[in-house]
Every structure is written in C-alpha cells, then in structure tokens.
2 protein chains.
Amino acid sequence: MRILLANDDGFHAPGLWPLYEALLPLGDVWVCAPEREQSARSHALTMHKPLRARERKPQCYAISGTPADCVYLGLHGLLEDRPDVIVSGVNRGANLGNDVLYSGTVAAAMEGALHGIPAVAVSLHFDWTQEVETLHFDEAARVGALVAKQVLERGLPHRRLLNVNVPNRPHVEGLRVVPLGERLYDVLADHRTDPRGRPYWWIGGAPQGFAGGEESDGAVCDEGFATITPLSADLTDHDELRRVRTWFS
Amino acid sequence: MRILLANDDGFHAPGLWPLYEALLPLGDVWVCAPEREQSARSHALTMHKPLRARERKPQCYAISGTPADCVYLGLHGLLEDRPDVIVSGVNRGANLGNDVLYSGTVAAAMEGALHGIPAVAVSLHFDWTQEVETLHFDEAARVGALVAKQVLERGLPHRRLLNVNVPNRPHVEGLRVVPLGERLYDVLADHRTDPRGRPYWWIGGAPQGFAGGEESDGAVCDEGFATITPLSADLTDHDELRRVRTWFS
C-alpha cells in the first residue's frame with residue numbers, strides 16, 4: 001500500500017511526524033507538506049506562479065504552496081505511483097462543524113478525494129490555552145492510522161473523505177461516527193488605529209462551543225471520543241433542489 | 001431590503017458593477033470587495049493580520065483581504081445593519097461542479113450562509129479564448145438579480161446558498177435548477193528549470209468538459225441555460241455515516 005501524507009501546519013509541525021510514524025506499518029509513506037504554516041488557507045490552489053519542492057529526506061518533500069497544492073503536486077509530479085490513500089494531519093487544532101469549510105487540513109484530503117483517492121483528515125481538538133508540550137499528538141496519530149487502515153481495507157465512494165477529530169488526552173474514550181454540527185464563534189471586527197493614525201480592522205472571535213445537538217461532532221469530541229464524519233465533495237442540497245425548482249417553473 | 005454585494009475578482013472587476021446596477025431596484029446595496037483580484041483563494045479568512053477598508057464611494061468598500069474577509073467585515077464592521085441577502089459576483093469564469101470548492105465567489109456567499117443570511121453566487125461561463133469585450137456581464141447580472149429577488153421573497157433554510165452560472169450570450173435560453181456535476185480538468189504538473197538552473201513546478205491543466213450526466217450544471221449551462229444549484233454548508237454524507245458506523249461497532 002502507498003500512502004501520501006500532507007498537512008497544513010507545515011513540514012516542521014509537531015503533528016506531522018507522529019502520524020508519519022504511525023502510518024509506516026501500513027505501507028510506503030510519502031510526505032508532501034507546505035514548507036511554512038498554511039492554516040486557514042482553505043482549498044486554495046496556486047496556479048498563477050511556480051512552486052518549489054525540496055526533498056528534505058527520502059520521499060519527504062517541503063513545498064512552497066498550500067495544502068491542496070501539496071496533494072496535487074504529490075499526485076501528479078512527485079510520487080512514483082498513485083497512492084491508495086491520502087492522509088492529512090495531525091492538525092494542531094480541531095476541524096469540527098463548519099470549520100471544515102475553512103480548513104487546509106480538510107482541503108488537502110478533499111483534493112485527494114476529487115482525484116478519486118480515498119482520504120482521511122486528522123485533527124487534534126484541544127483548548128487553545130494548553131501548551132504545545134501537553135498535546136497528545138501520538139494518540140491522535142494512532143487513531144488516524146487506525147481509520148486509514150480501515151479505509152485501505154474497505155474503500156470509500158468517489159469524492160468522499162473521512163474527517164477525524166481526536167480530543168487531547170492520553171487515551172480516547174472510543175471512536176464515534178457522527179454528523180457535523182455547527183461550531184460557534186464570537187463575531188468580532190475590531191476597529192483600531194495604527195501608529196500613523198490610519199484605521200484598520202482585525203477580524204475573528206474566540207470559539208464559543210457547538211450547536212447541532214448531543215450527537216454532533218463537537219459535542220461528542222468534547223466528551224472524550226474521537227469523532228469520524230464522512231464528508232462529500234458534492235455540496236448539492238437535493239431537498240432544496242426540489243423546492244427551488246417550483247420558483248422558476 | 002438591504003443587500004451586501006461582494007466578489008473575488010476585486011473592486012475594479014468588470015463583473016461587479018453591472019450586478020450592482022441590477023440590484024439597485026431591489027433595495028439598499030452595499031459593496032464589500034477585495035481591493036485586488038483573489039481568484040482561487042477559496043474560503044480563506046485573514047485572522048492573523050490587520051485588514052484595511054477604504055470607502056471608494058458611498059457604501060462601497062475596497063478591502064485588503066479575501067472574499068470571505070469582505071463578507072465577514074461587511075457584516076460585523078462596515079454595514080449599519082444586517083443585510084437581507086448576500087450576493088457575490090459576477091465572477092469572470094464559471095463555478096460549476098467541483099469548482100465550487102475552490103471558488104472565492106462561492107466562499108463569499110457561503111460565509112454569508114454561515115452567518116445565517118441567504119446568499120447567491122453568480123458566475124459567467126465562457127470560453128477562456130473569448131475577449132473580455134465579448135462578455136455579457138449585463139445578462140449575467142440580470143439573471144443574478146432575478147434570483148436574488150426570489151431569495152428575498154421566499155428565503156432559504158439556514159446555511160444554504162444558491163450557486164448561479166450564466167452562459168455567455170446576450171439572452172439565456174431560460175433558467176434551470178440542477179445538481180452539481182463534476183468538472184474535468186487536464187492534470188498537469190510541469191517540471192521546469194529557472195534561469196539560475198534551479199527546478200520548479202507549475203501546476204493546473206485546462207478545463208476538459210463535465211461529467212455527471214446531461215442534467216448536471218455544466219452540461220445544462222453549456223446548452224445555453226442559466227443554472228441554479230442549491231448548496232449546503234453541511235458536507236456530512238449521511239449514507240456513508242451509516243456504512244462507516246459498521247466499521248467501528
């Protein structure tokens with residue numbers, strides 16, 4: 001089995017290498033990771049300028065692009081053969097609820113799914129006040145590899161991926177397959193003045209919990225379970241399709 | 001009615017102002033657009049550095065950020081009151097099939113939907129060999145405003161938006177409400193050498209038509225119809241949810 005590992009925190013991120021180690025027993029692992037952190041870059045692709053790829057160790061590339069660039073270039077330029085699964089992570093921070101729309105970690109997995117390769121995104125859910133030394137990337141990597149193993153054995157339908165979030169603890173309570181909920185943030189657009197007296201804005205508020213019910217990803221992950229959510233690249237809302245058709249007929 | 005208009009091609013893009021004019025009869029229009037082109041920026045949000053917003057004419061702001069930044073800052077900083085609808089476009093180029101995952105135009109509308117405001121993304125579908133002078137932004141703007149009017153009257157469920165693509169012609173054949181198909185591109189990762197002898201890559205191939213059947217968005221838009229696709233911000237695949245549950249039980 002051939003595995004392509006990507007992330008969005010960058011080649012030197014603390015979550016990448018525990019996952020690399022955990023995937024090694026499953027097959028031949030290749031790494032394509034951004035040379036610098038690319039958080040909140042979402043699904044951007046770099047098509048208007050060149051990319052550099054540097055092989056830092058055998059089969060492990062640091063790339064001057066986004067997470068989706070890394071997967072694209074891995075698939076079509078760097079890997080000798082097509083991988084059987086794409087794994088992205090471990091992200092330093094959860095990707096729960098609507099976070100998946102902003103996440104570079106999920107976008108890297110989605111890019112694989114769009115090219116017809118099953119994919120898994122893995123993120124570590126922790127309180128942002130916690131120090132990096134207290135983060136259990138090893139446990140998240142263990143869970144991520146366990147899910148990747150299942151995907152290698154059983155496959156996923158076309159354009160599908162699994163989004164995995166692991167709570168920050170030495171041992172998770174178990175695994176739960178649950179739908180996305182809705183992540184709530186404070187809304188904030190702070191109006192300030194720079195040292196030269198000119199106005200500027202700073203946007204983005206702190207996370208404020210989850211909506212979507214007790215059985216949605218955020219609530220279940222908060223209880224200590226690793227959550228697994230199957231995602232589709234097809235955003236069509238088929239119920240609305242029928243309703244909106246009546247507007248224009 | 002209050003309308004927030006955004007785009008990803010930038011404040012000076014040729015598709016923005018025809019849509020502005022077409023929306024004026026519907027209500028009080030505010031513009032929040034990137035000061036420079038932001039194509040293929042997807043759903044990136046700028047939370048790690050300041051943003052500048054310059055009021056170029058009354059209620060019309062050029063913002064030093066991404067399309068999603070523009071909507072966020074419009075909603076929480078610039079507009080006096082909450083808008084009733086968010087419209088994004090007219091994008092210079094289609095956003096059909098899996099394009100919606102990369103599109104800044106769709107991301108701007110999605111950002112509105114995530115904040116509970118109904119949203120419409122409007123894109124002009126044309127052959128890239130056509131000159132900008134031959135582009136019928138007026139017709140795309142007319143269709144976009146017609147769809148926005150329906151949304152203002154009838155509403156959309158929480159976290160939903162309408163993705164509209166208009167073929168480049170003086171008059172469309174009609175409007176069709178259809179699911180996303182799959183857009184096909186040549187895969188290309190071109191390996192080159194720079195003037196100093198160092199290797200680099202250039203990724204991204206040309207569009208190669210659509211898959212997904214005769215009734216999907218790309219095929220129908222190619223026939224001369226404006227297409228409308230309801231999209232959901234909830235990417236959960238509920239069929240797979242049931243299947244994947246059996247793996248871990």
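## A residue pair in the sheet

Let's start with one pair of residues: B:Ala6 sits opposite B:Ser88, a residue of β5(B). The structure here is a predicted model. In chain B, strand β1 (residues 2–6) and strand β5 (residues 85–92) run parallel and are joined by four bridges.

Both strands belong to an open sheet of nine strands in chain B, with mixed pairing and the order β3-β4-β2-β1-β5-β6-β7-β13-β8. At the edges of this sheet stand β3 (53–57) and β8 (175–177) of chain B; each has a single partner strand, so one side of each is left without a neighbour in the sheet. On average, neighbouring strands are turned by 25° against each other, direction ignored.

## Helices across the sheet

Which strands of chain B does helix α3 lie across? Helix α3 (residues 104–114) of chain B lies across β1, β5, β6 (119–125), β7 (160–167) and β13 (226–232) of that chain, and runs at about 170° to β6(B).

Helix α4 (residues 137–154) of chain B lies across β1, β5, β6, β7, β8 and β13 of chain B. Its direction is at about 160° to β5(B).

## How the two chains are related

In general, two copies of a chain are related by a rotation about an axis and a shift along it. The same surface serves both copies, as 100% of the contact residues of chain A recur in chain B.

## Helix α6 of chain B

Helix α6 (residues 238–245) of chain B has the buried residues B:Glu240, B:Leu241 and B:Val244. Seen down the axis of α6(B), these buried residues fall within an arc of 110°, so they line one face of the helix. The face turned away from the buried side of α6(B) carries B:Asp239 and B:Arg242, which are exposed.

What do the buried residues of α6(B) pack against? Their partners are β7 (160–167), β8 (175–177) and β13 (226–232) of chain A. The N-terminal end of α6(B) is capped by B:Asp237, with a side-chain oxygen 3.1 Å from the backbone nitrogen of B:Asp239.

B:Thr46 lies in the loop between β2 (28–34) and β3 of chain B. Is B:Thr46 buried or exposed? With a relative accessible area of 12%, B:Thr46 is buried, because that value is under 20%. Its side chain makes a polar contact of 2.5 Å with the side chain of B:Asp69. Not counting residues up to four places away in sequence, B:Thr46 touches A:Ile203, B:Leu51, B:Thr66 and B:Asp69.

In chain A, the loop between β2 (28–34) and β3 (53–57) holds A:Met47. A:Met47 is partly exposed, with a relative accessible area of 35%. Leaving out residues up to four places away in sequence, A:Met47 touches B:Trp202, B:Ile203 and B:Gly204. The C-alpha atoms of A:Met47 and A:Asp69 are separated by 8.8 Å, and these residues are 22 residues apart along the chain.

A:Asp217 is found in helix α5 (residues 217–222) of chain A. A:Asp217 is buried, with a relative accessible area of 1%. Beyond its neighbours within four places in sequence, A:Asp217 has contacts that include A:Leu96, A:Gly97, A:Pro179 and A:Thr229. A:Arg183 is 34 residues apart from A:Asp217 along the chain, and their C-alpha atoms are separated by 9.5 Å.

Terms used: Residues numbered from 1 in each chain as written. Chains lettered and ligands numbered in written order. Predicted model: local features only at pLDDT ≥ 70, side-chain atom pairs only at ≥ 80, totals over all residues. Heavy atoms only, no water. Pairing = 2+ DSSP bridges. Helix = DSSP H or I, 4+ residues; strand = E, 2+ residues; numbered from the N terminus. Axes fitted to C-alpha atoms, helices over the stretch in contact; angles between N-to-C directions. Contact = heavy atoms within 4.5 Å. Buried < 20%, exposed > 50% of the residue type's maximum accessible area, 1.4 Å probe, protein only. Arc of directions from axis to C-beta. Polar contact = N/O pair within 3.5 Å; in protein donor to acceptor, adjacent residues only side chain to side chain.
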